[in-house]
Amino acid sequence: MNERKKLKKQLVNKYIFKMYLSVNEVKKILSENPKDKHDTLFASLTVGCVKINAVVFPTPDKMLLGFDILVKDTPESEEWICYDTLSDEIKLSPRSIEQSMFDILNREVKEYGLSYTDCNFEVINGKSIKAE
């Protein structure tokens, strides 16, 4: 069983994948240069205490695809904190988006010592910072 499936089974309702736009809608937005340019969330994958959002965002001359990595400061927290923004490329097919987003998220979790089940941040004067 691959790591994504293990986490999905372990975390049950704390593993959530949602598509807000179809692949064709995302491809259409990326191919256009709309006058009303704004960030558009098209998919989100929450795995315990970390989350990755796939976003189509504007640049001066075209729309691009990017990812926001978000974390919680405590496992029970309702709020998400933006941790990093990435511009990895993924294949836009309905079958591969969830796995691709998981692969990107998993790489970031391993590279930066994040956790799916624990928050590795210490609290100082009421503010959370990443422990060194």
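Ser 44 lies in strand E2, where helices (H or I, at least four residues) and strands (E, at least two) are DSSP runs numbered from the N terminus. The model is predicted: local features need pLDDT of at least 70, side-chain atom pairs count only at pLDDT 80 or more, and totals for chains, interfaces and linings use all residues. Residues are numbered from 1 along each chain as its sequence is written, and side-chain values use heavy atoms, with hydrogens and water left out.

**Ser 44**
- Ser 44 is buried at 6% relative accessibility (buried means under 20% relative accessible area, exposed over 50%, partly exposed in between; 1.4 Å probe, protein chains only).
- Beyond four places in sequence, the contacts of Ser 44 include Ile 16, Phe 17, Tyr 20 and Met 101 (contact means heavy atoms within 4.5 Å).

**Nonpolar core**
- The largest nonpolar core has 31 residues, of which Phe 42, Val 47, Phe 67 and Tyr 116 touch the most other members (a core is a set of buried Ala, Val, Leu, Ile, Met, Phe, Trp, Tyr and Cys residues joined through side-chain atoms within 4.5 Å).
- Elements that each supply at least two residues of this core include helix H1 (3-11), strand E2 (40-47) and helix H3 (97-112).
- H3 gives the largest share, 6 residues.
- Tyr 116 touches residues including Leu 7, Val 47, Cys 49 and Phe 102, leaving out those up to four places away in sequence.

**Cysteines**
- Cys 49 is buried, with a relative accessible area of 5%, whereas Cys 82 is partly exposed at 47%.
- The count is 0 disulfides (pairs of cysteine sulfur atoms within 2.5 Å).
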